[in-house]
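Student: I've got a chain open on my screen and want a quick walk through it. Can we take it feature by feature?

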Amino acid sequence: GGFSSAFGRIKHLELVGSGNWQDEDEVVPLAGLEDCRLLDNLQSLAIHNASLQTYPLPNCDTYSLRSLNLSQNSLMQFDMQQIQNLHNLQTLDLSHNLLASVEPPSDAFNLNRFILSGNRELSTLCTQ
C-alpha cells in the first residue's frame, strides 16, 4: 500500500519517547517495522528513550542499515544473533540500558562502534 511504499523510501528514522511499545506479553510492532520491506533503504535507525525491553526488529536480511541506536531503553539482554542479518551495520549503540552481560560481536560483524556505556548492571562481556 501507500504507507509501505512511502515508508520504504525513508533513509533515517528516529523514534523517541516513552511510548508503550511493548505489552507485558507481546511486542507491539513499531511503526510498521515488522515489515522487512520497510528496512530496504533505511540507513540509520534510532529508537531511544522508548522503554524497550526486547529487540524490536524482525529478522530481515538488509544491506542498507549502517547505524542502530537502541540507547536509553530498558533492554536487560541482547543477543548478537539478532543483528546477524544486518550485513553492513557499522554502529550499534546499546548505551544506558539495563544490560548485565553482553556477548561481544564476532569477526563476522562489520561493527566499527559498539557502545555500551551507562549500563550500570554490566559486569560481564561473555566470550564465545
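This is a predicted model: local features need pLDDT of at least 70, side-chain atom pairs count only at pLDDT 80 or more; totals for chains, interfaces and linings use all residues.

Student: Fine. How many helices and strands are in the chain?

Tutor: The chain has 1 helix and 7 strands. Along the sequence the pattern reads α-β-β-β-β-β-β-β.

Student: In what order do the strands of the open sheet run?

Tutor: The order is S1-S2-S3-S4-S6. That open sheet has 5 strands, with parallel pairing.

Student: Which are the edge strands?

Tutor: S1 and S6, the latter covering 113-115. Each of them pairs on one side only. Neighbouring strands of this sheet are turned by 0° against each other on average, direction ignored.

Student: Over how many bridges do S2 and S3 pair?

Tutor: Over 3 bridges, in the parallel sense. On the residue level, Leu45 stands opposite Leu68 in S3.

Student: What is Ser67 in contact with, leaving aside neighbours within four places in sequence?

Tutor: Gln43, Ser44, Leu45, Leu89 and Thr91. Then there is Asp93: Ser67 and Asp93 are 26 residues apart in sequence, yet their C-alpha atoms are 8.1 Å apart in space.

Student: Switching to cysteines. Which ones does a disulfide join?

Tutor: Cys36 and Cys60, with an S to S distance of 1.9 Å. The count of disulfides comes to 1.

Student: Is the link left-handed or right-handed?

Tutor: Left-handed, with -80° about the S-S bond.

Student: What does the Cys36 and Cys60 pair tie together?

Tutor: Cys36 lies in the loop between S1 (12-16) and S2 (44-48), and Cys60 lies in the loop between S2 and S3 (67-69), so the pair ties together parts that are 24 residues apart in sequence.

Student: And Cys60, buried or exposed?

Tutor: Cys60 is buried, at 3% relative accessible area.

Student: Next, aromatics. Which residues form an aromatic pair?

Tutor: Tyr55 and Phe78. The geometry is edge-to-face, with 5.7 Å centre to centre and 80° between the planes. The pair links distant parts of the chain, 23 residues apart. Tyr55 sits in the loop between S2 and S3, and Phe78 in the loop between S3 and S4 (91-93).

Student: Are those two buried or exposed?

Tutor: Tyr55 is buried, and Phe78 is buried as well.

Student: What else is Phe78 in contact with, again leaving aside neighbours within four places?

Tutor: Besides Tyr55, the list has Leu70, Ile83, Leu92, Leu94 and Leu99. Phe78 is also one of the residues with the most contacts inside the largest nonpolar core.

Student: How many residues has that core?

Tutor: 27 residues. Those with the most contacts inside this core also include Leu68, Leu70, Ile83 and Leu92. S1 and S2 each supply at least two residues of the core. As background, nonpolar side chains tend to be buried together in soluble globular proteins.

Student: Last bit, the whole chain. What percentage of its residues is buried?

Tutor: Buried residues make up 40% of the 128 residues. As for contacts between residues at least 6 apart in sequence, 43% join residues at least 24 apart.

Definitions and conventions: Residues are numbered from 1 along each chain as its sequence is written. Side-chain values use heavy atoms; hydrogens and water are left out. A disulfide is a pair of cysteine sulfur atoms within 2.5 Å. Helices (H or I, at least four residues) and strands (E, at least two) are DSSP runs, numbered from the N terminus. Buried means under 20% relative accessible area, exposed over 50%, partly exposed in between (1.4 Å probe, protein chains only). Rings of Phe, Tyr and Trp (its six-membered ring) pair if their centres lie within 6.5 Å; planes under 30 degrees apart count as stacked, over 60 as edge-to-face and the rest as tilted. A nonpolar core is a set of buried Ala, Val, Leu, Ile, Met, Phe, Trp, Tyr and Cys residues joined through side-chain atoms within 4.5 Å. Contact means heavy atoms within 4.5 Å. Two strands pair if DSSP finds at least two bridges between them. Axes are lines fitted to C-alpha atoms, for helices over the stretch in contact, and angles run from 0 to 180 degrees between N-to-C directions.
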